[in-house]
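Morning, everyone. Please look at the sequence and the model on the screen while I talk.

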Amino acid sequence: GRTIAQMSSDEHVQYEQQIDIRDTAGGIVADILGTLEKFCQSMPLDWMFNVEHGIDFVAALLHLLKEDVANIQVLSVACFQQLSMRKLDQNQWFRLVSSLPPALFEATNAAAQRASERGIDPNSI
């Protein structure tokens, strides 16, 4: 790929617009995660862990571990922390514990790829 310095002025403007859109959307997701952290403290666990009609709350939080915009991954971890401090049954606890290693592996790979694309040593992140 090309670097920012290699972009034409029109391309640079479009690039900056896309960065602004990404950052705005990231801010919205971060605000929502702040609210979801409170839900994770008190919402019924059956609702939080039930996978119904393609809606999977835990899978969504696992996916957000890959996002580095607006500290989304940190806020996702805060949600998991709140869930893990609740009285989970054996299946709920096992789902959290068994889902985290592959999700963290994917998040690490995504961060390394972003670092590589930005010209940063992936081992420095």
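Which residues does Q92 touch, not counting residues up to four places away in sequence? The answer is L45, D46 and F49. Keep in mind that this is a predicted model.

Now place Q92 itself. Q92 sits in helix α5, which covers residues 90-117. Its relative accessibility is 8%, so Q92 counts as buried. The cut-off for buried is under 20%. As for the partners, helix α2 spans 45-49, and the contacts of Q92 are L45, D46 and F49.

Next, helix α3, residues 57-64. Which of its residues are buried? They are F57, V58, L61, L62 and L64. These residues cover an arc of only 160° around the axis, so they lie on the same side of α3. And what do the buried residues of α3 pack against? Four helices: α1, α2, α4 and α5. For orientation, α1 runs over 9-42 and α4 over 72-84.

D56 caps the N-terminal end of α3. One of its side-chain oxygens is 3.3 Å from the backbone nitrogen of V58. V58 is also one of the buried residues of α3.

L75 is found in helix α4. Is L75 buried or partly exposed? With a relative accessibility of 22%, L75 counts as partly exposed. That class lies between the limits of 20% and 50%. Leaving aside neighbours within four places in sequence, L75 is in contact with A30, L33 and A70. Here is a distance for your notes. L75 and Q90 are 15 residues apart along the chain, and their C-alpha atoms are separated by 25 Å.

Last, empty space. Rolling a probe the size of a water molecule over the atoms shows where such space is left. The largest pocket has a volume of about 350 Å³. Eleven residues line this pocket, and the closest to its centre are R2, I4, Y15, E117 and R118. Which helix gives the most to the lining of the largest pocket? That is α1, with three residues. Both α1 and α5 supply at least two residues each.

To recap, Q92 is buried at 8%, and L75 is partly exposed at 22%. Over to you for discussion.

Key. Residues numbered from 1 in each chain as written. Predicted model: local features only at pLDDT ≥ 70, side-chain atom pairs only at ≥ 80, totals over all residues. Heavy atoms only, no water. Buried < 20%, exposed > 50% of the residue type's maximum accessible area, 1.4 Å probe, protein only. Contact = heavy atoms within 4.5 Å. Arc of directions from axis to C-beta. Polar contact = N/O pair within 3.5 Å; in protein donor to acceptor, adjacent residues only side chain to side chain. 1 Å grid on protein atoms, 1.4 Å probe; cavity = no way out; pocket = protein on both sides within 12 Å on 5 of 7 lines; lining within 4 Å. Points joined across faces, edges and corners; volume = space filled by probe spheres on them.
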